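Welcome, and please load the model in your viewer before reading on. The stops below each begin with something to select.

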Amino acid sequence: MEMINKIGRRKTSVARIYMAPGKGEITVNNRSLEVYFPFDLHQIVVKQPLNLVGVDGSYDIQINVDGGGIKGQAEAARMAISRALCEFDEEHRGPLKKEGFLTRDPRMVERKKPGRRKARRRFQFSKR
């Protein structure tokens, strides 16, 4: 039984996954997918690559996520799963690439600058 280990990133979230053929159980940080991601939208995001290539329920996936928010973590997991599917079968690469699941989203929060309230927001100007 071959196990594949891949990594996915989004914003400041990092998802490390271990994927092997199985019954379709997905665990996130040692909890079930439904418990860790209570919102349906995030569960759908994680399962998107599996549904796209039609292999939902045929791989056991263990995900370790860390950093960022809930949405960033879900999208990082999606990227890692997509990379692992490509490793299992090179045929999956085309449809996954077309949907953009293999592309690292480079957008990050802009850093706060000195003399500003936020990254670009200035302090209120008072003429007098």
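In which segment is G100 found? Select G100 and you will see that this residue sits in the segment after α4 (93-99). Keep in mind throughout that you are looking at a predicted model. G100 is partly exposed, at 27% relative accessibility.

**Stop 1**

What is the order of the strands in the open sheet? Reading across, the five strands run β1-β2-β5-β3-β4, and their pairing is mixed. Colour β1 (4-10) and β4 (31-32) next: these two stand at the edges with a single partner strand each, so one side of each is left without a neighbour in the sheet.

For a landmark, select I4, whose bridge partner in β2 is M19. M19 also has a bridge partner in β5, namely I61. The β2 and β5 strands are joined by eight bridges and run antiparallel.

Continue to β3. Here the direction is parallel, with three bridges joining β3 to β5.

**Stop 2: two faces of β5**

Which residues of β5 make up its covered face, and which its uncovered one? Y59, I61, I63 and V65 are on the covered face, while D60, Q62, N64 and D66 are on the uncovered one.

Now bring α3 into view. This helix lies across β1, β2 and β5, and runs at about 145° to β1.

**Stop 3: the nonpolar core**

In soluble globular proteins, nonpolar side chains tend to be buried together. The largest nonpolar core in this model has 30 residues. Select I61, I63 and L85, the members with the most contacts inside this core. To see where the core draws its residues from, highlight β2 (13-21), β3 (26-28), α1 (33-36), α2 (40-53), β5 (59-66) and α3 (70-88), each of which supplies at least two. The biggest contribution comes from α3, with nine residues.

Zoom in on I61 and show its surroundings. Leaving aside residues up to four places away in sequence, I61 touches I17, Y18, M19, E25, I26, T27, L50 and I81.

**Stop 4**

Switch to charged side chains. How many salt bridges are counted? The count comes to seven. Select E87 and K6 for one of them: the closest N and O atoms are 3.1 Å apart. E87 is in helix α3 and K6 in strand β1, so this pair ties together parts that are 81 residues apart in sequence. K6 is partly exposed, with 23% relative accessibility.

Next select R10 and E75, another salt bridge, with the closest N and O atoms 2.8 Å apart. This pair also links distant parts of the chain, since R10 belongs to strand β1 and E75 to helix α3, 65 residues apart.

E110 is partly exposed at 36% relative accessible area, and K113 is partly exposed at 24%. Then select R10, K71, E75, D105 and R107 together: salt bridges that share partners join them into one network.

**Stop 5: R78, a buried charge**

Finish in helix α3, where you will find R78. R78 is buried yet has no salt bridge. Which side chain of opposite charge is nearest to R78? That is E75, 4.4 Å away, whereas a salt bridge is counted only within 4 Å. Show the neighbours of R78 as well: not counting residues up to four places away in sequence, R78 touches V45, Q48, P49 and F101.

Notes. Residues numbered from 1 in each chain as written. Predicted model: local features only at pLDDT ≥ 70, side-chain atom pairs only at ≥ 80, totals over all residues. Heavy atoms only, no water. Core = buried A, V, L, I, M, F, W, Y, C linked by side-chain atoms within 4.5 Å. Buried < 20%, exposed > 50% of the residue type's maximum accessible area, 1.4 Å probe, protein only. Helix = DSSP H or I, 4+ residues; strand = E, 2+ residues; numbered from the N terminus. Contact = heavy atoms within 4.5 Å. Lys, Arg positive; Asp, Glu negative; His and termini not counted. Pairing = 2+ DSSP bridges. Axes fitted to C-alpha atoms, helices over the stretch in contact; angles between N-to-C directions.
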